Amino acid sequence: MSETTAPPAQGPARNVDRPAVAAAPRRSWLRPLLLVVALVVMLALPLYVEEFWLRTGFAVFGAIVGAIGLNLLVGTTGQLSLAHAFFLAVGAISYVFVSGESGGIGLADLSGLGWPPLIGMIAGVLLAGLAGLIFSPIAARLRGIYLGVASLGLVFIGQHVLNSWTSVTGGFNGRSAPEFSLFGFTFGNTDPDLFVLGVPFREAERLWYLGLVLALAAYLFARNLLRSRPGRALQTLRDSEVAASVMGVNVQGYKARVFLVSSMYAGLAGVMYALSIGSVAPESFGLEVSILYLAMIVLGGLGSVGGAALGALFVTALPLIFQRYADVVPLVGGPGEGGLAAGEAARYLFGLAIILVVLFQPSGLAGLAARFRRKGRDPGGVRPTGHSSAATSSSTSNVPSDRPAQGSTT
Amino acid sequence: MTQFLSLLLNGISLGAIYALIALGFVIIFKASEVVSFTHGSLLLLGAYSIARLSEPLGFFLGAVVGVAITALAALAIERLIINRLRGAPVISLAIVTIGVDIILLTELIRRIGSDILNVPHPWGGGSFRIGDVGISQNRLIATIVAGVLIALFFAAFKYSSWGVSMRASAEDGETAALMGIRLGRVSALAWVVAGALAGVAALFLVGSPTPGVSPTVYTVALRAFPAAILGGLDSTGGALVGGLLIGMAESFAAGYQDQLLFLGRGFGDVVPYIVMIAVLLVRPSGLFGTKELTRV
């Protein structure tokens with residue numbers, strides 16, 4: 001009796017009692033423990049790490065928020081959008097306008113409301129959402145690729161507005177972003193001076209915690225959304241709109257709503273971007289930004305919330321690290337020296353990584369992680385794990401539905 | 001009135017160039033279901049090669065080789081990447097072309113640097129006048145060449161066996177394959193044609209009144225996207241109409257800039273996108289695109 005039950009209960013094969021549903025992991029104590037350890041490390045990091053890493057960290061947190069939002073739209077719902085930079089811009093500009101002070105800097109005559117930064121941040125999120133809502137009648141009617149190109153238009157229109165609406169955006173030169181503060185506690189270098197365990201907590205440290213909280217909230221919201229009824233509806237939409245509508249999913253409604261949510265995420269990411277750079281300028285919200293966000297979610301794994309976070313970390317941190325360690329990394333030189341500039345080297349890498357990921361690992365970093373996890377669980381069972389992920393399952397299932405009866409061409 | 005006519009003429013000539021690029025998009029989309037975001041950098045590649053090669057090889061040979069290089073690059077992309085992804089979702093395919101685009105564009109921008117390379121067109125920067133209405137000679141020649149190429153293309157598309165097999169595979173890939181049409185070959189040829197068209201467009205795009213080859217050529221190429229979408233991604237005729245529409249809209253917006261000043265400077269650059277979004281609001285699959293019918 002004991003011999004028959006013993007093997008499954010042994011050491012590494014803890015989860016084998018449900019071999020058929022390996023995709024649904026049993027709740028073990030290991031995962032929460034790891035999460036707690038990671039959280040503690042993240043919380044303690046500002047005590048030990050220098051400012052450069054904390055600033056990079058805040059930029060990464062901002063990118064994580066944006067990437068999660070884009071992934072809801074592109075990865076989960078299958079709506080290609082290149083307009084993410086535009087919504088980031090809306091968020092960032094709303095923040096600097098609502099919280100910034102009026103006044104002239106140089107030639108530009110800026111106007112601002114001077115309201116508390118918290119209201120500015122909320123306004124940034126809401127206005128980005130509003131922009132998304134205004135665009136969503138188009139978004140909801142267009143499918144995949146048409147939406148991709150139409151949203152491309154938004155980026156250029158946004159660039160134009162940023163450059164010409166000088167009194168709000170600061171025009172070509174941009175304008176500086178006000179410091180964030182929460183009920184009198186500023187996220188700046190002073191006021192109040194703060195020491196924790198003898199370490200001075202200045203702007204970088206404070207922003208790190210702000211970023212951590214916001215990114216965590218964004219992560220949890222998206223994860224719960226995906227596990228809920230709307231989340232499943234969105235996934236069905238990606239796989240087949242026909243099937244979704246037959247199941248009673250309001251196709252247009254959900255498409256419009258996911259666009260709204262995604263642009264709100266982008267708005268928050270835009271506010272965080274403004275905080276991390278300290279200013280906003282039109283060139284920070286070009287098409288390249290949209291493409292980098294796409295790179296994040298493709299590398300991380302389409303449809304996976306954790307993957308988006310991983311991708312954001314990779315894409316955001318890499319150029320900064322290249323820049324800092326230009327003398328160590330092969331082929332990369334500092335500005336004015338031989339070799340590639342840091343940004344260029346990083347772009348080559350992203351481009352190559354995107355191609356390789358789509359060719360060989362369509363589920364991205366998240367899929368890679370899942371594969372290793374599963375391999376550790378049942379070393380004997382070799383399954384084509386790459387194909388069980390969300391991103392690829394759509395590729396096989398939506399081929400017939402993607403090409404409904406077409407009339408004559410030309 | 002003179003201004004109007006000259007803007008109209010310039011718009012048509014610009015539109016003809018856009019139409020060449022947009023036609024490339026449409027052929028690629030029809031043959032391999034890919035929306036090619038590499039087209040911007042392919043165009044820049046064409047412009048760059050022509051500019052670099054026309055010095056040692058002379059203008060005409062340089063132009064021919066430059067166009068050939070662009071076509072070969074397109075072929076390489078199709079063979080090495082797109083061909084391996086047959087049947088993948090449209091979005092993955094679009095994203096992979098974005099990956100290619102990043103690499104190609106970074107390399108080209110690095111090579112061009114902050115220079116503006118000059119293409120020594122033998123017809124120079126002179127302009128051609130009919131009464132008071134003027135158009136740069138470069139644009140005039142562009143319009144004629146584009147017209148001839150587009151006519152040739154439509155003839156080939158209608159009568160040649162390549163055209164027939166391409167239309168068949170766009171209509172229904174599986175059936176076409178069963179009939180003995182080699183989808184891979186059709187798609188490869190489509191990319192070559194699209195690359196060559198982009199190369200020709202690049203040749204004229206960098207002549208007067210544009211200053212020369214600089215990374216901004218890339219953003220000009222992106223304006224052909226609205227042209228293709230506006231006409232309908234799967235309609236070759238639509239690409240032509242869309243190109244002309246976009247070209248004229250841009251030309252008028254730039255020409256009447258002073259009257260449109262309340263919309264900001266450089267409004268002409270965004271007009272193509274505004275026109276596109278307006279059209280898509282009314283007709284989600286473009287003016288001549290196939291409406292996707294879904295039967296349940």
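**Entry 1**

I then listed the contacts of B:Ile21, a contact being two residues whose C-beta atoms, placed from the backbone, lie within 7 Å. Leaving aside neighbours within four places in sequence, B:Ile21 is in contact with B:His39, B:Leu43, B:Leu197, B:Ala198, B:Ala201, B:Ala221 and B:Ala224.

**Entry 2: what the model is**

I note that this is a predicted model, in which local features need pLDDT of at least 70 and side-chain atom pairs count only at pLDDT 80 or more, while totals for chains, interfaces and linings use all residues. Residues are numbered from 1 along each chain as its sequence is written, and chains are lettered from A and ligands numbered from 1 in the order in which they are written.

**Entry 3: the two chains**

For chain B I counted twelve helices and two strands, where helices (H or I, at least four residues) and strands (E, at least two) are DSSP runs numbered from the N terminus. From the N terminus on, the elements of chain B run α-α-α-α-β-β-α-α-α-α-α-α-α-α. The radius of gyration of chain B is 19 Å, close to the 19 Å that the globule rule gives for 296 residues, so chain B is as compact as a globular protein of that length; the radius is taken over C-alpha atoms, and the rule is 2.2 Å times the number of residues to the power 0.38. The C-alpha trace of chain B spans about 60 × 50 × 35 Å along its principal axes, and buried residues make up 54% of its 296 residues.

In chain A I found 16 helices and eight strands, with 46% of its 410 residues counting as buried. Among contacts in chain A between residues at least 6 apart in sequence, 74% join residues at least 24 apart.

**Entry 4: the interface**

I looked up where the chains meet: 52 residues of chain B are in contact with 47 residues of chain A. On the side of chain B that touches chain A, the largest share, 13 residues, comes from H4(B). The residues of that side divide into 30 nonpolar, twelve polar and ten charged, with Ala, Val, Leu, Ile, Met, Phe, Trp, Tyr, Cys and Pro counted as nonpolar, Asp, Glu, Lys and Arg as charged, and the others, Gly among them, as polar.

**Entry 5: a helix pair in chain A**

Helix H3 (residues 51-76) and helix H12 (residues 287-300) of chain A pack at an angle of about 75°, with their axes 9 Å apart; axes are lines fitted to C-alpha atoms over the stretch in contact, and angles run from 0 to 180 degrees between N-to-C directions. H3(A) and H12(A) are therefore roughly perpendicular, a term for angles of 65 to 115 degrees. By class, their contact has seven nonpolar, four polar and no charged residues.

Terms used:
Buried ≥ 20, exposed ≤ 12 C-beta atoms within 10 Å, placed from the backbone. Parallel < 35°, antiparallel > 145°, perpendicular 65-115°, else oblique.
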